Each structure stands twice: as structure tokens, then as C-alpha cells.
Amino acid sequence: MNRPEPAAFHTVAESEQKPVVLTGDRTTGPLHLGHYLGSLKNRLMLQESHDQFVMLADAQALTDNMNDPARVRENVLAVAMDYLAIGLDPEKTTICLQSALPALSELSMLYLNLVTVARLERNPTIKEEIRLRGFERDIPAGFLCYPAAQAADITAFRATVVPVGEDQLPMIEQTNEIVRRINRQTGVTLLPEAAPMLSRIRRLPGIDGRAKMSKSLGNAIALSASPQDISHAVKMMFTDPDHLRVSDPGKVEGNVVFTYLDAFDPDQEAVAALKSHYRRGGLGDGTVKARLEALLQAELAPIRERRAAFETDPEKVRAIVAAGTRRAQKITQETLDMVKSALGLFCL
Ligand code: TRP
């Protein structure tokens with residue numbers, strides 16, 4: 001067999017290289033507080049120690065937005081601006097555009113032969129998303145298969161760390177199944193397995209108290225929200241529907257304002273004291289909400305200001321994405337060549 005020796009897969013400098021991080025976001029709308037807590041804050045940390053790639057997942061966004069490609073296109077630079085606004089530094093984090101990386105599609109086509117339809121249908125995130133979107137039996141094939149494409153995203157960069165929210169764990173699990181299949185078949189450790197990196201707050205509920213903050217559920221606070229938007233969102237926030245009078249004892253569990261204080265308040269002792277006061281009665285929703293609103297306003301103001309600066313110069317943002325994509329093209333093509341050759345495909 002013309003199977004290359006394992007050593008052929010390792011470039012000289014590889015052992016000295018930093019470990020690789022890959023993650024991405026669908027470009028369907030602006031990023032929100034759920035993204036921020038679930039993954040973006042970890043990315044800020046990881047860019048200091050890792051070679052980090054962040055992907056504008058416009059191709060994946062199309063798997064359930066093919067009726068509205070304009071929305072997907074318009075959000076490419078919007079999400080890139082969110083990245084830059086939170087402090088991702090293009091010197092340390094390579095921002096790239098998924099649809100401009102053809103090697104990803106080619107890898108996906110190979111990986112689709114390594115997963116079964118039944119396995120895709122069992123993926124808990126896919127199952128839940130099918131239910132939420134009301135696809136029933138009319139599931140776009142690209143949607144059902146996107147875990148295989150996401151495996152291509154992750155492995156094409158030979159990433160070992162993937163900072164994501166809890167809902168993405170099944171994708172990483174499926175990626176690693178594909179990696180093991182390929183490694184077993186080629187007889188070498190061709191691709192590394194990837195580990196998820198979760199944050200302390202695994203899942204931020206929406207302001208309406210539903211399990212997940214999501215733009216499509218209309219219960220999100222965007223990172224680019226105006227001070228008025230933030231104020232309005234906090235006013236609308238779900239608390240304890242039985243807490244009618246200030247003097248009534250209130251429930252903290254399932255009370256979004258307290259969940260957010262757990263997530264955002266640096267003074268957790270004060271939060272504990274507020275919780276017991278609320279439980280006893282005598283603490284009004286308005287007081288707790290005012291504390292949360294001040295925290296959110298302070299956290300989001302600098303992000304909004306930096307974003308406003310990038311908004312005045314979209315060409316600069318586009319150039320950052322273009323440069324990052326060129327770098328990503330090289331790496332993903334290298335991986336594709338490596339996989340094809342290790343599988344023993346006919347290479348011209
Ligand atoms: N599926 C992810 C989401 O819905 C986005 C994504 C695309 C991604 N490719 C990825 C995440 C690769 C991690 C790694 O947010």
C-alpha cells in the first residue's frame with residue numbers, strides 16, 4: 001500500500017507549536033450574552049496561550065436559513081465586529097470565513113461516509129433543534145448532516161480544544177468518533193481528538209426564563225444592545241410570578257434575575273445575602289433588577305464602544321477576515337491532502 005509513514009505527517013516545528021483551538025458561530029444574528037458567557041470569555045483567555053481559530057460559520061448557518069441567504073451574508077461582518085469588540089485580537093486569533101474554505105466541504109464529503117443517518121438522528125442537539133424548528137419530517141439533508149461538517153471544521157485545523165456552550169458537546173463527541181474511525185482505518189494517529197472547554201455558567205437562560213438564550217427565541221440580550229435595550233430587557237425579565245408584594249417571600253430558583261447575578265456579579269457574597277433576603281420577603285424585584293442592570297450596563301458599555309469604532313470601518317474588518325481566511329485556507333488544505341493520502345485515495 002502507498003500509505004505514508006506516520007513521520008511524514010509531522011512537520012519539524014510541530015512539537016514547538018502552540019496547541020490549536022477552533023470554534024465558530026453561525027452568522028445568523030448578533031452574538032449575545034449567552035455566547036459571551038458560554039464561549040467568548042474562554043476565547044479571550046485561550047488566545048493568550050493557544051493558536052486560536054474562530055470561524056464565521058456561514059455555511060452551517062445556511063443549513064437552516066437557505067431561504068434567507070442575505071441574512072447570513074449580512075451577519076458575517078456583524079459577528080466579526082462582535083469578535084473584535086469583545087477583544088479578540090487578530091494577531092492572536094485567526095478569524096476566518098467558513099464558506100471560503102473549500103477543503104472543509106471536501107472533508108465533510110469524506111466524513112459523511114463515516115457516519116450513519118441513524119447516528120445523526122440520535123445526536124441530541126440535532127434532535128432538539130429539529131423539534132424547535134418544527135422540521136418534523138422535512139429536515140434539510142444539510143441540516144441533519146451538519147455534525148459531520150462540524151467535524152470537518154474541527155479536524156481541518158487539527159484542533160485539540162473547542163470552547164463552546166453545553167449544547168455543542170454532542171458535536172464534539174461525534175467529531176471524536178469520526179477521528180477514531182479515521183485513525184483506526186489509516187493505522188496512524190492522523191488527527192487528534194478534541195476536548196470541549198466549558199465555562200462555569202454552562203447555559204444562560206433567556207430573559208423569559210426559557211432554558212436557552214437564543215436570538216431566534218427572541219429572549220436574548222445582544223452584546224451590541226443599546227443602554228435602552230438593556231434596560232428594557234431587565235425590566236421584562238422573568239422573576240417569580242408569585243412574588244406579588246415586596247413583603248411576600250420570593251423564589252430564587254428559576255428566577256432569571258438571580259441566575260444572571262450568579263453569572264455576572266463579582267460579589268457573590270452580596271448575591272447570597274440578597275437571595276436570603278428575597279426568600280424571607282421584604283426585597284422587591286425592582287431593587288434586585290437595578291443591581292443587575294448596573295452590572296450589565298458596565299459590562300457591555302466598553303464592548304459597544306469598541307464595536308462602534310469598527311462599524312465606522314467595515315473595510316478594515318473585511319480585510320481582517322480575508323487575511324485570516326487565507327491563513328486558514330492553507331492549513332485546511334494541508335489537512336485535506338494528508339487525509340486523502342493517508343486513506344490511500346488516488347491523488348493527481
Ligand atoms: N454549531 C455551532 C453553533 O451552533 C457553530 C459552529 C460551527 C462550531 N462550526 C463549529 C462550533 C466548530 C465549534 C466548532 O454555535
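## How two domains meet

Between domain 1 and domain 2, the count is 2 salt bridges. Keep in mind as you look around that this is a predicted model. Domain 1 covers 6–204 + 313–343, while domain 2 covers 227–309. This briefing walks you through the place where they touch.

**Charged and polar links**
- D82 and R307 form a salt bridge, and their closest N and O atoms are 2.6 Å apart.
- Between domain 1 and domain 2 there are 6 residue pairs in polar contact, with both residues at pLDDT 80 or more.

**Which parts of domain 1 take part**
- Two elements give two or more residues to the side of domain 1 that touches domain 2: helix 1 (33–46) and helix 3 (69–86).
- Helix 3 supplies the largest share of that side, with 6 residues.
- Sorted by class, the side of domain 1 that touches domain 2 holds 10 nonpolar, 1 polar and 4 charged residues.

**Distance and contact**
- If you take the C-alpha centres of domain 1 and domain 2, they lie 34 Å apart.
- Domain 1 brings 15 residues to the contact, and domain 2 brings 11 residues.

**Buried area**
- About 1,100 Å² is buried between domain 1 and domain 2, and carbon and sulfur atoms give 62% of this area.
- Look for L33, A85 and L204 in domain 1: they lose the most area to domain 2, together 43% of what that side buries.

Terms used: Residues are numbered from 1 along each chain as its sequence is written. This is a predicted model: local features need pLDDT of at least 70, side-chain atom pairs count only at pLDDT 80 or more; totals for chains, interfaces and linings use all residues. Side-chain values use heavy atoms; hydrogens and water are left out. Domain bounds come from an automatic or database domain assignment. Contact means heavy atoms within 4.5 Å. Buried area is the accessible area (1.4 Å probe) that two parts lose on being put together, summed over both. A salt bridge is a side-chain nitrogen of Lys or Arg within 4 Å of a carboxyl oxygen of Asp or Glu. A polar contact is a pair of N or O atoms within 3.5 Å; within protein, one must be able to donate a hydrogen and the other to accept it, and residues adjacent in sequence count only if both atoms are side-chain atoms. Helices (H or I, at least four residues) and strands (E, at least two) are DSSP runs, numbered from the N terminus. Ala, Val, Leu, Ile, Met, Phe, Trp, Tyr, Cys and Pro count as nonpolar, Asp, Glu, Lys and Arg as charged, and the others, Gly among them, as polar.
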